[in-house]
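Take a moment to look at the chain as a whole before turning to its side chains. Let us walk through it together.

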Amino acid sequence: MANITTTDRVLALFIAALFTGVYLCTLFFCVRWLVYTDDGWRVRKKIHKAMLAGTLALFILSSLHISLAVEITYADVRDGERGIPVKSGGRLPWTSLVMCMISNTCVLIADGFLIYRCFMVCLKSIRMILFPCFFWVGGLVCTALQLYLQTVQTDALDAWIPVNMTVGPGTILTPFWGTTIVVNIYATGVIGYKLWKRGKAQSKVDTSTSTGELRVFKLMQIIIESGVIYLLVTIPHFIVWWTTDNLAIVILGWINLPIVGSAFNLIIIRSAKHRAEECHGSTGGKTILSTIKFSGSGSPSDSMVMTDAPSTV
């Protein structure tokens, strides 16, 4: 990556390491809730394999991303000690290509699960997810174009370009981050609205207690707060590509991945913890779990299910 000093890389790596530490903490608790039962350390009879696979995929890709960041920074420090000047301009190294592809892939995975949650909350209505799916596919196309641009190394463009092109292919990355922002705002908004409506419907069905309504509103809060955490880094990351501040681009690029992973994990952790807190009674060694079922009419109904409940978030 051009025009980035060794000091800039060390600073960006330090900040990224802090956020990665937070992400690893959330990963541990996330795997615990996915693999083990709510009341102890017994392995679940039914594990949500897709959710676990997505969680582990994000972990593997994040580990590779931070490892490459360390390798790049170490190489710069080593060259500086040997008196080798930092390169400015020219072709992007292969590590930059891999790191960009990893970041985009992780974002697409997280957005895919968010669209899936939106699909389930909307009673499996395909019509409701056509809009975010269109932008998700757009992000996938941008990723393919980015791979092509960075592979053929078309870095000599004479035309005026309003975005930063010294750190990466800004002409491709800005629409990519734009698509993921749209997907997250739409999906989070729809999920929040649908849960709010079902919470109100629940309060009308069960007038004697507000437990069902509070349960739905708690889930709505979890989804919205995780979406806000994600957008707090993604929106600045999108904006900074329209500036000449290469250091800010690198810092936001390197911390984006652990924040995406943390937001993804927090939805699972907080939802599972909230579910576990509702498990008060037990019969015959089995937990009585109150779950919310969404009927075809759009009105939720509670049912007491005696089960070794799988992790379904």
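Among the contacts in the protein chain with a separation of 6 or more, 75% are between residues 24 or more positions apart; contact means heavy atoms within 4.5 Å. This is a predicted model, where local features need pLDDT of at least 70 and side-chain atom pairs count only at pLDDT 80 or more, while totals for chains, interfaces and linings use all residues. Residues are numbered from 1 along each chain as its sequence is written, and side-chain values use heavy atoms, leaving out hydrogens and water.

Now follow the sequence. The protein chain has 7 helices and 3 strands, in the pattern α-α-α-α-α-α-α-β-β-β. Helices (H or I, at least four residues) and strands (E, at least two) are DSSP runs, numbered from the N terminus. Of the 313 residues, 46% are buried; that means under 20% relative accessible area, with exposed over 50% and partly exposed in between (1.4 Å probe, protein chains only).

Next, the aromatic rings. Rings of Phe, Tyr and Trp (its six-membered ring) pair if their centres lie within 6.5 Å; planes under 30 degrees apart count as stacked, over 60 as edge-to-face and the rest as tilted. The count is 9 aromatic pairs. Phe 176 and Trp 177 are edge-to-face because their planes stand at 80 degrees, with ring centres 5.1 Å apart. Both Phe 176 and Trp 177 are buried. Phe 238 and Trp 242 have planes at 70 degrees and centres 6.3 Å apart, so this pair is edge-to-face. Here Phe 238 is partly exposed because its relative accessibility is 24%. Ring pairs also join Phe 131, Phe 134, Phe 135 and Tyr 186 into a cluster.
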